Every structure is written in structure tokens, then in C-alpha cells.
Amino acid sequence: MSVGSRPLVPSRLAPGGVAAHAPRRTPTTVFGAYIALTKPRIIELLLITTIPTMVLAQQGWPPARLVIITLIGGTLAAGGANAVNMYVDRDIDALMERTQGRPLVTGIIEPRNALIFAVALQIAAFAVLWAGANLLSAVLAFSAAAFYVGIYTLWLKRTSKQNIVIGGAAGAVPVLVGWAAVQDSLGWEPVVLFVAMFLWTPPHFWALAVKYADDYNAADVPMLPAVAPMADVVKQMVVYTVLLVVSTLVLWPVASLGLIYGIAALVLGAVFIWGSVALGKNPTAAASMRLFGYSITYVTLLFGAMTIDVFVEHGIS
């Protein structure tokens, strides 16, 4: 049997193919469905990088009002982009086991209403950031959403096995938004942070995609783990992880950070590289999900260390 141009085969990692995948929670109320459209778990991850970047830009804790405004604006912008993504991908979501409970697949929300909701979120995000922070942060947040929808969702996701590599740039923009909200300008520090998050995205997402390769095959989406040998996937993951660690170490002197950040970047990075290499030696669904989980822990601890370092270096209590 084939779907599109590629054969639909049982998973290389788990017996039972896509049926072996764990079920996803399905919204049962309209309110819950609209929340689900925004993909709140992804938003949480994006915001993890925003506040520490604002602390770095401020060299201390920014005004509480500015932090709240930036978080609200960032949440609205990311939520709007994610809702458009679900609107566009509702056809392939219906084919993928892990996404069949999404609101536009179950029919709890009409596609037209979802699109209106998404556009409203984007308009609100731009207005909130422009009025509460500055025009630069609003433009950056909007550009990330436009890139995510126009470049990744509408083009690369369905046509290129490097989709998440290029499309992942959108997920790196929140660090630019956070910095711009404080400084109303950009500099080398946010650029290096942007590069780091850009490089982090492929190994992070591919670790998840390894487990759900069958889903992507079923939907004819050329995600790398679904179309390439496992050895090639791991090789690319290791390369991106090494470059990621190098970029985080470049930030050390560029941002004039201290030993707390430097040691954290070295240790956390070494564990990430080791985990990527270990996945190649033990390519199982469980191992891929452990690495996926660690990739989130990695970002949380790294940006947390950066925040603590700023406070310690400047004697802020």
C-alpha cells in the first residue's frame, strides 16, 4: 500500500504501526477546543526563552508591566500562528493518529470560525506589543507568525525533508521579541540566541518525529525520520546539536556572562550530544522520547542558568 509517493510501512521503532501511538486528549467543549487551537504546550516552550532574554537585555529584572505585556503579546501571536497551522493542516491531521483529536478534525469548531479566531489573535498580538512595548517587537512577532504559516506550513512541511530546519526559524524569534521589547533594538546577544534556538529545533523535533514516523508517512509529510534511514537522521541530529552547543558557548563572552552560565552550557550541552549519539546506538521509541523530553529540559535549564548568572553577576537579589 502507498500514500502519495512513499510506501506506508509499519514503524521501525514500535510494533503495531500508528495504532501503537498513545492517544491524545480530545477537547470536549468549544472553549477547550479554541484553547487547543493555540497549542498551549508549544507556547509555554516559546515563553521559556522570552523572559530570560528580557532579563539579559535589561541586565536585571525588567519592569513587571513590560514582562506581562510581552508575554501576552507573544502568547497571542504564537497562538494565532498555531491556529492557522491547524486550519491549513486539518486534512493531514485527519490522517495522523496523534492529531485526529484536534478540533478541526472532530468538527467541534468550524474551519471558518477557527480562521477568524486566528486572525483576531494576530491583530490583538500586534496591537498589544505595539501599544505596550514598541513597534519593533510587534513587527518581529508578526514576522515569526507569517514565516511559520507562509514558509513552513503552506510550503516546506509538505514538500521538503528539511522542513523543520528552515521552518524552525519562526520558533527562534521569541528571543528577538523579548530583547526588542526591552531595548527597542537588536544586538549580537539576541542574534546569537536566535541562532542557538534555530539550531536546537531540528534535534528537538526530530526526536519526537522518530516515534511518529508512521504518522508522517500516512499523511505523506516528508519529515526526515519518516523518509531517511535512522543512521542519517541521527547523524544530522548530532551535527545540529554540536553546532547548538558551540553557539551557546559563543554567547558566553558575547553577552559577558559568568561561570554559572558557562558551566551550565558545557554540561547541559555535553549531555544533549551524548543523548543524540546514544539514540543512534539504541534507536527505540522510548529512547527518542527521552531525548525529546531532555531537549525541553535543556532549554529550560540553560535559560534559567542565564537568568541566574545575570542576577549574580550584577548582585541583584
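**Exercise 1.** Work out how α2 and α10 cross: is the crossing left-handed or right-handed, and how are the two helices oriented to each other?

*Solution.* Start with the hand: in this predicted model, α2 and α10 make a right-handed crossing. Next, find the helices: α2 covers residues 40-58 and α10 covers residues 188-211. Their axes come within 12 Å and cross at roughly 160°. Angles over 145 degrees count as roughly antiparallel, so that is how α2 and α10 lie to each other.

**Exercise 2.** Which residues of α2 and α10 meet?

*Solution.* From α2, take Leu45, Thr49, Thr53 and Leu56. Their partners in α10 are Glu189, Leu193, Met197, Trp200 and His204. Sorted by class, this contact of α2 with α10 has 5 nonpolar, 3 polar and 1 charged residues.

**Exercise 3.** Now try α3 and α6: what angle do they pack at, and how far apart are their axes?

*Solution.* Helix α3 is residues 64-88 and helix α6 is residues 111-132. They pack at about 155°, and their axes are 8 Å apart. With the cut-off at 145 degrees, α3 and α6 are therefore roughly antiparallel. The crossing of α3 and α6 is left-handed. Its contact residues split into 19 nonpolar, 6 polar and 1 charged.

**Exercise 4.** How many residues does the largest nonpolar core have, and where does its largest share come from?

*Solution.* Count 91 residues, with Tyr216 and Tyr298 having the most contacts inside this core. Its largest share, 12 residues, comes from α10.

Notes: Residues are numbered from 1 along each chain as its sequence is written. This is a predicted model: local features need pLDDT of at least 70, side-chain atom pairs count only at pLDDT 80 or more; totals for chains, interfaces and linings use all residues. Side-chain values use heavy atoms; hydrogens and water are left out. Axes are lines fitted to C-alpha atoms, for helices over the stretch in contact, and angles run from 0 to 180 degrees between N-to-C directions. Helices (H or I, at least four residues) and strands (E, at least two) are DSSP runs, numbered from the N terminus. Angles under 35 degrees count as roughly parallel, over 145 as roughly antiparallel, 65 to 115 as roughly perpendicular and the rest as oblique. A crossing is left-handed if the near helix is turned anticlockwise from the far one by less than a right angle, and right-handed if clockwise. Contact means heavy atoms within 4.5 Å. Ala, Val, Leu, Ile, Met, Phe, Trp, Tyr, Cys and Pro count as nonpolar, Asp, Glu, Lys and Arg as charged, and the others, Gly among them, as polar. A nonpolar core is a set of buried Ala, Val, Leu, Ile, Met, Phe, Trp, Tyr and Cys residues joined through side-chain atoms within 4.5 Å. Buried means under 20% relative accessible area, exposed over 50%, partly exposed in between (1.4 Å probe, protein chains only).
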